[in-house]
Amino acid sequence: MKASVGQEAIDKKGWLGAHKFLLLRRVSQLGILALFLMGPLYDIWILKGNLSSSVLLDTIPMTDPFMLLQSLSAGHTPELTAIIGALIVFSFYFIFGGRVFCSWVCPVNLITDSAHWLRRKLKIRASTKLSRKTRFWVLAMTLILPFILGTMAWELINPVSIFHRGVIFGMGLGWVVLVGIFLFDLMLVEHGWCGHICPLGAFYNIVGRYSPIKVSAYQRDKCDKCMDCFTVCPEPQVLKMPLFGEGKGYGPMIESADCTNCVRCIDVCSQDVFKITTRLPIMAEVKQ
Amino acid sequence: MAAKKPQAPRKTSRRQFITDVGRGVCGSSLLGLGLATYSKQSQSLAAQCLRPPGALTEEEFLAACVRCGLCVEACPYDTLKLGKIFEPVTTGTPYFDANVIPCEMCEDIPCQTACPTGAISPELKSIDDAQMGLAVLIDRENCLNTQGLRCDICHRVCPLIDEAITLEIERNTRTGFHAMFIPTVHSELCTGCGKCEHACPLEEAAIKVLPLEIAKGELGHHYRLGWIEKNQAGGSLIDEVLDLPDRLPGTK
């Protein structure tokens, strides 16, 4: 693990150029929080509610489909507003990539990204082995529990909603959970929360399985194997085959739904190996 | 891209598969067990926490509420709050403490309109039919009216004055010739808005709004009240009392 990641990219593209998408992502994450906060703070109501369910400009309902699934499992038949809201959110992530939520919207990403940054700075290498599939088991558990208990048990401790709700409506002791996640990611498992456990991420992983918007290592022949993209990628297993699997017949597109489309790989690559692309035009190129 | 994929993807051995599944199931079950315990414990709503008007029964409410806070933002009086983790309210669900800010009983019920899931049920048509709780004169000993004073504040602030709270006259046995005006709540009309509790001038309110399940008793289902049955049947359900002849000493 190198201490200075993306130095070549910074030298070549300048600091701004090598942090473009990272900055955009932070603007998106904080901007969404700000839109929710402007209501209670300054009485400017663009977005009401929180990530679990909200209303945009007093007209468009948006509901977290995972939340609604938990509610359904608990035995409640929701009103139409929530169902339409969930369909809107579902369609958005179906198109733009499910885990776009994780890297561009979810506030917990700020915590886990800083934990990973500190991990690199402190050169902490130790990481307990945990399967990345764990999150799907947790997802199953969070959907089965409401069915048995009749209440959304996961939502009692869900750090994503606790964080987002806390910022808008008051945190209380919710920060304890968030510090817990930070330390877990820092000391125990690298990319522990977002990459291994979070059932919301697992849910959006499934939602975005067939998303047309993907990152492609379209110039993989130019890759100089500096491995900076592997260092910054929150799901580095998705890079391996698209980058190095040409001989085994793998295409350059990062097809795995684990990919969060955070596109930090584009930032840190000095060779411009990656670009954002859609599935369909690539198919057309292949056919030629 | 499917055509370009290699013929045989990496195979998982049966042993590996069973180990992985076992780990996943055990790990998440353990986490689930902890969660279940915590959720069962946190399900009992503290007595001072009331749900918004029209909220489903507590059990149904916890299944329906997505903890979005739209009702809280819709509430013009900052009455509603969202429960925080480790508080005696299920995390993220809306409640109010009548002692802090009571429900102002808006006629258009904005919290109900804002609710996307129906956890605050749209079936409540008029705010006057709300049953957020029930006011109970819980401490008769300290209520000023039971001292023979004419405080009457709870009665006067009640949005349904002389209906939900009436003043019932009782004899003041202390003085022997004065009256006491006892605030009396009628459960079929009280909405549980909590204005009486909020307005009570005592250090600790003598009248408090409690959740219905705590405040209300329930008659045994087999109980029949004779006078009601009699009215419904249009006459006594049993035969007239047998009038046996009186046998007094000295008579045959």
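A salt bridge is here a side-chain nitrogen of Lys or Arg within 4 Å of a carboxyl oxygen of Asp or Glu. The model is predicted, so that local features need pLDDT of at least 70 and side-chain atom pairs count only at pLDDT 80 or more, while totals for chains, interfaces and linings use all residues. Residues are numbered from 1 along each chain as its sequence is written, chains are lettered from A, and side-chain values use heavy atoms, with hydrogens and water left out.

**View 1. The two domains of chain A.** Chain A is divided into domain 1 (1-37 + 213-288) and domain 2 (65-207), with bounds from an automatic or database domain assignment. Their centres, taken over C-alpha atoms, are separated by 23 Å. To the contact (heavy atoms within 4.5 Å), domain 1 of chain A and domain 2 of chain A bring 30 residues each.

**View 2. Salt bridges across the interface.** Between domain 1 of chain A and domain 2 of chain A, the rule finds six salt bridges. A:Asp113 forms a salt bridge with A:Arg26, in which the closest N and O atoms lie 2.7 Å apart.

**View 3. The side of domain 1 that touches domain 2.** Helix 2 (20-42) and helix 12 (228-232) of chain A each supply at least two residues of this side, helices being DSSP runs (H or I, at least four residues). Helix 2 of chain A gives the most, with eleven residues. By class, this side of domain 1 of chain A has 19 nonpolar, six polar and five charged residues, where Ala, Val, Leu, Ile, Met, Phe, Trp, Tyr, Cys and Pro count as nonpolar, Asp, Glu, Lys and Arg as charged, and the others, Gly among them, as polar.
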